[in-house]
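Subject: Structure for you to look at

Hello,

Here is the structure I said I would pass on. Please open it beside this email and follow along.

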Amino acid sequence: MSHNAEDLRRLLNEAARLPFGDARDTALEGVLRHAEAGAHTELAFETRMDLVSSYSGGMQPAKLFVPFARCLADYDREPGAHPHWAARMLRWYFKHAVNAMTSFPEVPKDRALAALDQMERRYRTEGQSLHAVYAYRHRLARHLGDAAAAEEWYERWCTTPRDENSDCAGCDPSDKVSYLIERGRDHEAVELAGPVLLGELTCREQPQHILTMLLLPYLRTGQLDQARDAHRRAYRILRGKPQDVADMSVHLQFCALSGNQARGLELLDRHLAWLDRAPNPLAAMKFAASAALLLRTVSEAGHDNAVVRRPAFGDRPAAEPTAAALRAELTDLALSIAARFDERNGTDHQTATVRALVERKPIVDRLPLSAVAEHRLDTPVPPVPLEFPELTTDEILERAEQAQVRREYSTAAALLRHLDDEPADPVQAGRAATVRAHAAMQDEDPERAEALLRAAIEFFGAAGDQDRQQASSGLLGGVRCRDGDAVAGVTLLRESHARLSRAADAESRVRAALRLTSGLLAADHRGQLTADPDEISRLLDEAAAGAAEAGDPRLHGDIAIQRSHAHDERGQHAEAIQAAQDALAAYRAADIPALIAASACRLAALQYDAHQIEDALSAVTEVFPALTADSSVDLRIRAHGLRGDLLNHLDRAPEAVNDLVIALALAKTANQPDVAGLQWSLAISYRKTGQLLDAADLAEEVIASLEQQDRGASARRCRYLLADVLRGLHEDDQALSVYDAIIEFDRAAGDHAEEGYALALTADLLDLLDRDGLAAERYRLAADAATLAEDYLRAAYCRYSAALSLHWSGATAAAVVALDAADQAIEALTAADPDPELLTWHSARRDFNAARVLRAAHRPADAVTRAGKAAADFRSLGEIDQAARAGLEHGQLLIELDRRPEAVTALTAALAELPDDHRAREVLTAALAEAGA
């Protein structure tokens, strides 16, 4: 297939916008073949120039020598036949060539030295500063291990003025920092890097490269927070850049020397495959040696037999060597490459460097890499041994039962341990078994609880104590309803209730009714039975009558809690909240801290669901002073997590962080299932407090966890959080990838409305990044999806935005065609009868975009009408900035059409509405002067 010059120019521009790597190289190579075949000489020259940069920044730097030599020869043969920028870029590309020569031991040393000499001659001839020449002479001297020459060239480098050929303001100091570190001058290195990190680094190598260089100096100078942040920030960028495998090696060193072997193994597992495709032997040597260092520290920590996955490559099959075996293999690899360099260089410098690297000693014992990892849960204070006077067995059991009722399980357990032997009396034995069963239920051990309750039933049966036997049978039924066969459990509960509803003791009647209520609700919740609301109400009324007879506020609290659950199950939110408030008041009256804490937490959760945020925060705050040594980990997690969520909701994120960190640490320690939910909440807090690295790391963990749980819809929602954080970190390409995952999910689900929304977001981002051709395509796809969803507003926005993006990309003819679709979209929006001001706004934007497109298409007569209408509509809405821009466009078009009096009128109207200090006044005034005003 043949291509004309215009097609090839477009393909060249598209290829140059691709990230460095194989795809970019392949695209440029394709353009070069067609340019050579079509005898497009100048285009072929420009493509070769782009290939030099692409090979250097990608995975194939060895291939840059041929196009660089060809471009150099072509330019020197006829300098005037090439673009004005060619001389500057060829000077710049000498640096790429010299750098590549030092990275391949196959390139003779003399050739690298000759290239440096040629570079210097060219710079002198063209009147350039030798700043860059000295920098690269220094680099070669360091590579050779010539310390004296390296220092001499370093001094010349530092004292020679910079110019346009110098490495950028981020990379030049980075290389100096690297040298200072090598010389053991860590404090100077950190000081030199400071101004660079405070500035805006726009080079593709920064800030990840200089942050990577500073990792070990930060550790050695005790700047541990900076070290942690530098690792996390730089790694996030490097993890998608296999061409930067040499920088990745420093992160392996950092993990090895900061007590983060687990993190290091995680990185090695992810990136070991990069070693097989390292862009040059020097990078492979550094990565292999750094990995060997990491694995040495893993072995020294007692994990010689830890398994590392090594993927297949070429003829080598996939394997899982031990840390010790892989360490030996990678050490040998690094030394073999170093030997090749040393043979080429005539020194032993690279071998000595590898050996020293592999034997480095740890710098700090342990540097936590996140707030959660750093958080240490308070070590529980061992309970003070309880001293009991001489008590009878009945007195011990009575006290243990009272402690169990108050949820003081450790006291109850201590009392039972105070028994000399297991009671011989069956009633006493049954009572002891029942107390222990309650503790087992608290510990979520249903099997032990069931075994103890069956024993208690037998003991009470043998003693003929039918009330206690039926009470234990009811407890067993409750266990079965929650954790076993709910049908069988309800049968036991009904039998127990039938017997105890006639008991003389009021509390026994209340407990029987509450157990049956609880069991029915649990069975209903599990879907094994359907609870009858009327029966639940009757049981609770029956319990209330008994509680009134007993006069015990604790019983009133227990009934209110059950009412709260029953109302909640029926969706009666106000009633559920009121019942929870009644329960909390009753437990306060009974002065039972454990029940105050549990009921306050439940009340807060119900109020949160009802959007009563301030009330919920007040309720959950009451939980913490009521927590006891026996309070469950689950309650602590729920309380801290809930308070964190509430504080987030109230925009008090700095306060929320502490609660959520505690909740997450507790949940991880207890291996709780909803770690992802807490991580998500904490990620929100971190985003709000500007801790974007923490937010991004947590959001990524949440998404991975939710995907493993097959919770794709939840993962999709969290991806929006992650994309927002990534944009805050200026990781725009990663954000685009996250949006793409959302789009894929929505498309698979057939959700056109959500697909259109996500596509429009990506189009807006691409527009901000000036990737106009890609933005136009995304706008088109978003409009298509929005139209299917009958979202005419988004469809219109995307249609006229697509036209403008095509205009900016240079595809003027396509932009004109896209205007027709934009006009049709506005008509569809008009037919949908939207808010009149909204319609005017979007019509004005459509017309303003159309004016610019039509002007570029050399149709000023059509464009001027559109611009005038846009200016009038924006003005009617009070949109001064937009009216000024459209008015300027209108006036300039009128000038082009030689309708100068009308131009003066239009520009004067636009200028009249602007404040005196508005930035558009100057350009409008200039346009008025051009119009002859």
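Below is what was found, taken one topic at a time.

Please keep in mind that this is a predicted model.

A pair of helices

Start with helix α43, which covers residues 836–856, and helix α45, which covers residues 880–896. Their axes come within 11 Å of each other and cross at roughly 35°. The crossing of α43 past α45 is left-handed. On the α43 side, the contact is made by W841, F848, A851, R852 and R855. On the α45 side, the residues are Q882, R885, A886, E889, Q892, L893 and E896. Sorted by type, the residues of this contact are five nonpolar, two polar and five charged.

An asparagine in α17

Next, find N345, which lies in helix α17 (residues 323–345). Is N345 buried or exposed? Its relative accessibility is 3%, and buried means under 20%, so N345 counts as buried. Leaving aside residues up to four places away in sequence, N345 touches K109, H143 and L144. With H143 there is also a polar contact, from side chain to side chain, at 3.3 Å.

Cysteines

A disulfide is a covalent bond between the sulfur atoms of two cysteines. How many disulfides does the structure hold? The count is zero. Two cysteines to look up are C71 and C601. C71 has a relative accessible area of 1%, so C71 is buried. C601 is at 2% relative accessibility and therefore counts as buried too.

Regards

Definitions and conventions:
Residues numbered from 1 in each chain as written. Predicted model: local features only at pLDDT ≥ 70, side-chain atom pairs only at ≥ 80, totals over all residues. Heavy atoms only, no water. Axes fitted to C-alpha atoms, helices over the stretch in contact; angles between N-to-C directions. Helix = DSSP H or I, 4+ residues; strand = E, 2+ residues; numbered from the N terminus. Left-handed = near helix turned anticlockwise from the far one by under 90°. Contact = heavy atoms within 4.5 Å. Nonpolar A, V, L, I, M, F, W, Y, C, P; charged D, E, K, R; others polar. Buried < 20%, exposed > 50% of the residue type's maximum accessible area, 1.4 Å probe, protein only. Polar contact = N/O pair within 3.5 Å; in protein donor to acceptor, adjacent residues only side chain to side chain. Disulfide = S-S within 2.5 Å.
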